[in-house]
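Biologist: I've got the model open and would like to go through the sheets with you. Can we take it piece by piece?

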Amino acid sequence: MASTSATLSWASTSWLNSHNPTKSTNQTTSAFVVVAQKKARKIRKIILKEDVADLGTKGDLLEVKPGYFRNYLLPMGMAQIVTPRLIKEMRMEVERIEAEKRRVKEEAEQLALMFQTVGAFKVKRKTAKGKQIFGSVTSQDLVDIIKVQLQRDVDKKIITLPEIRETGEYLAELKLHPEVTAQIRLNVYGN
């Protein structure tokens, strides 16, 4: 065994001396130079085609392990490998969606401005003694009035009304867009 270690140490020393010109050849060392390579980290860059629980939403750019992509995401049709063409298509789709969102918001702002300039909507109800009215004014009643007066279809789900059981003036709120609301005045009177 001693001869093997001496041979190894001699071989490594001669290799060191030939590759390291700063060391002199008179010194002998019995050290080995080990060049270690790191394990390569294998990942795949993907784009999700649909929402995946605990991973991301549609259109997200992610890095996943190749086995997860190959065995689950790809066969289920949930993801694609990123390519320059796919990134370009995705950017165009995002721009188109953003433009559509801006257009919808502008329409909602114009509609809100129109509702504010109209003034008060008049609602006629049968009254009992004093200010009491029979029944109440509901959001469906307001939808019908808007359709008759402005020729606009409005969903009754976006209307927030206070409880109206007496004659008088009230404010109703229409949530036309997540960022745009309009207030409408209602004038409830008896016959």
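Biologist: Which strand is the place of Arg125?

Modeller: First, the ground rules: this is a predicted model, where local features need pLDDT of at least 70, side-chain atom pairs count only at pLDDT 80 or more, and totals for chains, interfaces and linings use all residues. Residues are numbered from 1 along each chain as its sequence is written, and side-chain values use heavy atoms, with hydrogens and water left out. Strands are DSSP runs of E with at least two residues, helices are runs of H or I with at least four, and both are numbered from the N terminus. Arg125 sits in residues 120-125, that is, strand β4.

Biologist: And which side chain joins that of Arg125 in a polar contact of 2.6 Å?

Modeller: A polar contact is a pair of N or O atoms within 3.5 Å; within protein, one must be able to donate a hydrogen and the other to accept it, and residues adjacent in sequence count only if both atoms are side-chain atoms. Contact in general means heavy atoms within 4.5 Å. Leaving aside neighbours within four places in sequence, Arg125 is in contact with residues including Ile133, Tyr189 and Asn191. The side chain in the 2.6 Å polar contact belongs to Asp141.

Biologist: In what order do the strands of the sheet with β4 come?

Modeller: Two strands pair if DSSP finds at least two bridges between them. The edge strands here are β4 and β5 (159-160), each pairing on one side only. β5 meets β6 (residues 168-177) in the antiparallel sense over two bridges, and Thr160 has Glu173 as its bridge partner in β6. The sheet is open, its pairing is mixed, and the order is β4-β7-β6-β5.

Biologist: At about what angle to β4 does helix α4 run?

Modeller: Axes are lines fitted to C-alpha atoms, for helices over the stretch in contact, and angles run from 0 to 180 degrees between N-to-C directions. Helix α4 (residues 139-150) lies across β4, β5, β6 and β7. Its angle to β4 is about 120°.

Biologist: Now the three-strand sheet: why is one side of β2 and of β3 left without a neighbour?

Modeller: That open sheet is antiparallel, in the order β2-β1-β3. β2 and β3 stand at the edges, so each has a single partner strand.

Biologist: Which residue of β3 is the bridge partner of Ile46?

Modeller: β1 (residues 44-48) pairs antiparallel with β2 (residues 61-64) over four bridges, and Ile46 stands opposite Leu62 there. Three bridges join β1 to β3 (residues 79-81). In β3, the partner of Ile46 is Ile81.
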